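Biologist: Let's go through this one together, side chains and all. Could you walk me through what stands out?

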Amino acid sequence: MATSAVYARIDTGLKEHAEGILSQLGITPSSAIQMLYSQIILQNGMPFDLRLPYRQPTAIGGMTREQLDAELMQGLASMQNGRTYSADEVDAALHKEFGI
């Protein structure tokens, strides 16, 4: 089997951290790269999802009293200005923004 070299520049801390884990697993960096490339071929793409993480809605329990009061006042002002939404519209907005 012919071999080729792969050269990449990565953050030193990232490299050291990853190689420490690989060492504990008994895997060389070269073997890890070989495994990654093999999985790219098998999956016909990256072997993991590439996407931005979903933002998480703020839980009421994680808010201070002042933050909660400010949110409630903002909601009241929206209602007074005629900006209201149906349950279906709220569900669609939550799904779009947070994936829920």
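Biologist: Is glutamate 19 buried, exposed or partly exposed?

Modeller: First, a caveat: this is a predicted model, where local features need pLDDT of at least 70, side-chain atom pairs count only at pLDDT 80 or more, and totals for chains, interfaces and linings use all residues. Residues are numbered from 1 along each chain as its sequence is written, and side-chain values use heavy atoms, with hydrogens and water left out. Buried means under 20% relative accessible area, exposed over 50%, and partly exposed in between (1.4 Å probe, protein chains only). Glutamate 19 has a relative accessible area of 29%, so glutamate 19 is partly exposed.

Biologist: Which side chain meets glutamate 19 in a salt bridge?

Modeller: A salt bridge here is a side-chain nitrogen of Lys or Arg within 4 Å of a carboxyl oxygen of Asp or Glu. With 3.2 Å from N to O, the partner is lysine 15.

Biologist: How many salt bridges does a search of the whole structure find?

Modeller: Besides that pair, the side chains of aspartate 69 and arginine 65 meet at 3.7 Å, N to O. Both lie in helix 3, four residues apart, about one turn of the helix. Aspartate 69 is partly exposed at 35%, while arginine 65 is exposed at 60%. The search of the whole structure finds two.

Biologist: Which elements give two or more residues to the lining of the second largest pocket?

Modeller: A pocket, on a 1 Å grid over the protein atoms alone, is an open set of points where a 1.4 Å probe fits, with protein on both sides within 12 Å along at least five of seven lines; lining residues have an atom within 4 Å of a point. This one has a volume of about 470 Å³, meaning the space filled by probe spheres set on the points, which are joined across faces, edges and corners. Of its 15 lining residues, Ile10, Lys15, Glu19, Pro29 and Ile33 are closest to the centre. The elements are helix 1 (12–25) and helix 2 (29–43).

Biologist: And the largest pocket, which residues lie nearest its centre?

Modeller: About 680 Å³ of space lies in that pocket. Helix 3 (65–80) and helix 4 (87–98) are the elements that give two or more residues to its lining. Of the 17 lining residues, those nearest the centre are Glu71, Val90, Leu94, Glu97 and Phe98.

Biologist: What is the phi of asparagine 44 near?

Modeller: Most residues other than glycine have a negative phi. Asparagine 44 sits in the loop between helix 2 and helix 3, and is exposed at 73% relative accessible area. Its phi is positive, near 55°.

Biologist: Where does leucine 50 lie?

Modeller: Leucine 50 is exposed, with a relative accessible area of 64%. Together with Val6, Ile33, Leu36, Tyr37, Met46 and Phe48, Leu50 makes a nonpolar surface patch of about 660 Å². Patches like this join nonpolar side chains (Val, Leu, Ile, Met, Phe, Trp, Tyr) within 5 Å, from residues with over 30% relative accessible area and no salt bridge; areas come from the Shrake-Rupley method with a 1.4 Å probe. Leucine 50 lies in the loop between helix 2 and helix 3.

Conventions:
Patch = residues over 30% accessible without salt bridge, like charges linked within 9 Å, V, L, I, M, F, W, Y side chains within 5 Å.
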